[in-house]
Amino acid sequence: MTRLSEKIAIITGGAGGIGVAAGTLFAQEGAKVLLVDLDEPALQQAVAAIDHANVSYAIADVTQPEEVDGYVRSAVERYGGLDILLNNAGIEGQLNPIIACPLEVFDQVMEVNVRGVWLGLKYAIPAMRARGGGSIIITSSIAGVSGAAGFSPYVTSKHAVIGIMRSAALECAPLNIRVNTVNPAPIETRMMRSLEKQTTPHNAAEAKERYVARSPFKRYGSPEEVAQLMLFLASDESSYCSGGVYMVDGAWTT
């Protein structure tokens with residue numbers, strides 16, 4: 001299968017559950033893939049799990065301009081250019097009402113989830129322009145279109161990246177670069193384990209039961225289900241899709 005044949009992709013948050021699922025799928029479909037994350041052992045495990053000759057990694061802090069520029073340069077130098085950016089890195093923050101939320105928690109979530117996305121665009125767009133176009137996919141969330149008590153920094157950040165996407169989609173259309181968000185509901189990842197534990201510290205399994213009960217499908221989604229939508233948006237099959245907010249939420253927000 002070669003839906004991404006000859007394409008070059010960067011995936012930030014590449015050592016996480018969705019990052020690994022997308023990296024696996026992109027490589028299977030013919031792309032050369034650079035996984036980006038802060039944790040080198042986790043990146044090494046991700047590359048080993050994907051087990052494909054066209055997958056490598058780069059260590060970078062997505063909040064630092066020189067390191068974002070560095071991971072884009074790494075993709076260009078290793079593989080010859082850049083066609084796809086999966087702007088996927090993100091953190092959940094802490095469960096706190098607004099009046100009790102530490103300022104440093106708010107700032108950290110915004111740094112990673114918003115500044116990191118914006119910097120990815122800033123440095124990836126010129127590399128894509130040099131290739132004649134491309135696709136940028138930003139991981140938002142159902143929290144990008146709805147509220148969640150106690151997680152105001154995360155909700156704010158996921159709303160913000162939809163705004164960034166919409167501006168970028170308009171700026172990038174003349175460059176033949178498409179920009180969209182993917183908005184998952186709860187997915188079986190480390191982030192949901194953290195949220196479950198924070199919601200009900202004495203019984204995380206009970207928290208999961210409550211989350212699952214809210215889902216029309218009565219289950220969490222899988223990283224692979226999210227990655228399939230990301231694959232479509234990365235491929236030429238979505239050549240007229242830009243500026244879109246794509247839900248992968250099992251009717252959660254419905």
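This report describes the pockets, the cysteines and several individual residues of a predicted model.

## Basis of the model

Because the model is predicted, local features need pLDDT of at least 70 and side-chain atom pairs count only at pLDDT 80 or more, while totals for chains, interfaces and linings use all residues. Residues are numbered from 1 along each chain as its sequence is written, and side-chain values use heavy atoms, with hydrogens and water left out.

## The largest pocket

The largest pocket has a volume of about 1200 Å³. It is lined by 48 residues, of which I91, Y154, M191, M192 and L195 are the closest to its centre. A pocket is here an open set of points, on a 1 Å grid over the protein atoms alone, where a 1.4 Å probe fits and protein lies on both sides within 12 Å along at least five of seven lines; lining residues have an atom within 4 Å of a point. The volume is the space filled by probe spheres set on the points, which are joined across faces, edges and corners.

At least two lining residues come from each of α1 (17-28), β2 (32-37), α5 (152-172), α6 (190-199) and α7 (204-214). Helix α6 supplies the largest share, five residues. Helices (H or I, at least four residues) and strands (E, at least two) are DSSP runs, numbered from the N terminus. By residue class, the lining holds 27 nonpolar, 14 polar and seven charged residues. In this division Ala, Val, Leu, Ile, Met, Phe, Trp, Tyr, Cys and Pro count as nonpolar, Asp, Glu, Lys and Arg as charged, and the others, Gly among them, as polar.

## The second largest pocket

The lining comprises two nonpolar, six polar and five charged residues.

## Cysteines

The structure holds zero disulfides, a disulfide being a pair of cysteine sulfur atoms within 2.5 Å. For C241, the nearest cysteine sulfur is that of C172, 16 Å away. C241 counts as buried because its relative accessibility is 19%; the classes are buried under 20% relative accessible area, exposed over 50%, and partly exposed in between (1.4 Å probe, protein chains only). C101 is likewise counted as buried, at 18% relative accessibility.

A22 belongs to helix α1 and is buried, with 0% relative accessibility. Not counting residues up to four places away in sequence, A22 touches I11, L86, A227 and M230, where contact means heavy atoms within 4.5 Å. A22 and F232 are 210 residues apart in sequence, and their C-alpha atoms are 11 Å apart in space.

Helix α4 (residues 103-131) contains L119, and M128 is also placed in helix α4. L119 is buried at 4% relative accessibility, and M128 is buried at 0%. Leaving aside neighbours within four places in sequence, L119 is in contact with V62, T63, Q64, P65 and V68. With those neighbours again left aside, the contacts of M128 include L82, D83, I84, L85, G133 and G134.

## The loop between α6 and α7

T200 lies in the loop between α6 and α7 and is buried, at 3% relative accessibility. The side chain of T200 makes a polar contact of 2.6 Å with the side chain of R210. A polar contact is a pair of N or O atoms within 3.5 Å; within protein, one must be able to donate a hydrogen and the other to accept it, and residues adjacent in sequence count only if both atoms are side-chain atoms. Apart from its neighbours within four places in sequence, T200 is in contact with E206, A207 and R210.

## Residues with positive phi

Most residues other than glycine have a negative phi. E6 has a positive phi, near 70°, and K218 has one of about 60°. E6 is found in the segment before β1 (8-12) and is exposed, with a relative accessible area of 57%. K218 lies in the loop between α7 and α8 (223-234) and is exposed at 53% relative accessibility.
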